Amino acid sequence: MVTVADMGAARHFLRTGEIKDMEHLVYFKPHVHVNLTHPLVKAMYKMRKTDKETAAILAEQIYDNALITAGLIRDTSRMVGRLNKLLTSLAGNKGSSTILTP
C-alpha cells in the first residue's frame, strides 16, 4: 500500500495535469507499506534467490499496483511490457515476449 500525507492534493494534481509523469511522487514523498505475510511478497522473496530478474520485475509491478490502488499513477501503459515479461515467465518461457506494445 502507498500513502501520502495529502492524498487529496496528489490526486488533484494528477487530474488537472499540473504534474508530469511521476513528479508528484517526489513532491509528496509517498510511504510504502509492505505486508510481509502476503503470499505474493513471500513468493517474490523466495524467487530472488533463483530468478533475480523476474523478482525485480515483480517488485516493480507490485509497487505500481499499489500506486494504481492509491490513485497516484496516471499512465499505466508503461506497465504492459513488464506484465508481458511476467506472464511469459509464468508460462514457463524465459525468452523474450513476441507481444508488441506501443
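Helices (H or I, at least four residues) and strands (E, at least two) are DSSP runs, numbered from the N terminus. The structure described here is a predicted model, in which local features need pLDDT of at least 70 and side-chain atom pairs count only at pLDDT 80 or more, whereas totals for chains, interfaces and linings use all residues. Residues are numbered from 1 along each chain as its sequence is written, and side-chain values use heavy atoms, with hydrogens and water left out.

The secondary structure of the chain consists of 5 helices and 2 strands. In sequence order, these elements follow the pattern β-α-α-β-α-α-α. Of the 102 residues in the chain, 28% count as buried; here buried means under 20% relative accessible area, exposed over 50%, and partly exposed in between (1.4 Å probe, protein chains only). Contact denotes heavy atoms within 4.5 Å. Among the contacts in the chain with a separation of 6 or more, 56% are accounted for by residues 24 or more positions apart.

Two helix pairs are considered next. Two packed helices are described by the angle between their axes and the distance between the axes. Axes are lines fitted to C-alpha atoms, for helices over the stretch in contact, and angles run from 0 to 180 degrees between N-to-C directions. Angles under 35 degrees count as roughly parallel, over 145 as roughly antiparallel, 65 to 115 as roughly perpendicular and the rest as oblique. A crossing is left-handed if the near helix is turned anticlockwise from the far one by less than a right angle, and right-handed if clockwise. For the composition of a contact, Ala, Val, Leu, Ile, Met, Phe, Trp, Tyr, Cys and Pro count as nonpolar, Asp, Glu, Lys and Arg as charged, and the others, Gly among them, as polar.

Helix H3 (residues 39–50) packs against H4 at an angle of about 150°, and the axes of the two helices are 7 Å apart. H3 and H4 are therefore roughly antiparallel to each other, and their crossing is left-handed. From H3, the contact draws on Leu40, Met44, Met47, Arg48 and Thr50, and from H4 on Lys52, Thr54, Ala55, Leu58, Ala59 and Ile62. The residues in this contact of H3 with H4 comprise 7 nonpolar, 2 polar and 2 charged.

Val41 also lies in helix H3 and, at 14% relative accessibility, counts as buried. Apart from neighbours within four places in sequence, Val41 is in contact with Val34, Asn35 and Leu36.

Helix H4 (residues 52–70) packs in turn with helix H5 (residues 80–90), at an angle of about 130° and with the axes 10 Å apart. H4 and H5 are therefore oblique to each other; the crossing of this pair is left-handed. Thr54, Ile57, Leu58, Glu60, Gln61 and Asp64 on the H4 side meet Arg82, Leu83, Lys85, Leu86 and Ser89 on the H5 side. By class, the residues of the contact of H4 with H5 are 4 nonpolar, 3 polar and 4 charged.

Asp64, placed in helix H4, is buried, with a relative accessible area of 3%. Residues up to four places away in sequence being set aside, Asp64 touches Ile73, Arg78, Met79 and Arg82. The side chains of Asp64 and Arg82 make a polar contact (3.0 Å), a term for a pair of N or O atoms within 3.5 Å; within protein, one must be able to donate a hydrogen and the other to accept it, and residues adjacent in sequence count only if both atoms are side-chain atoms. Arg82 is one of the buried residues of H5, which are Arg82, Asn84, Leu86, Thr88 and Ser89. H4 is included in what covers these buried residues of H5. Gly92, which follows H5, has a positive phi, near 95°.

Two further residues lie elsewhere in the chain. His33 is found in the loop between strand S2 (31–32) and H3 and counts as partly exposed, at 39% relative accessibility. Neighbours within four places in sequence aside, His33 is in contact with Met1 and Thr3. The side chain of His33 makes a polar contact with that of Thr3 (3.0 Å); the C-alpha atoms of these residues, 30 residues apart along the chain, are separated by 7.9 Å. Arg15, in helix H1 (residues 7–16), is exposed, with a relative accessible area of 64%. Arg15 and Arg74 are 8.5 Å apart in space, C-alpha to C-alpha, and 59 residues apart in sequence.
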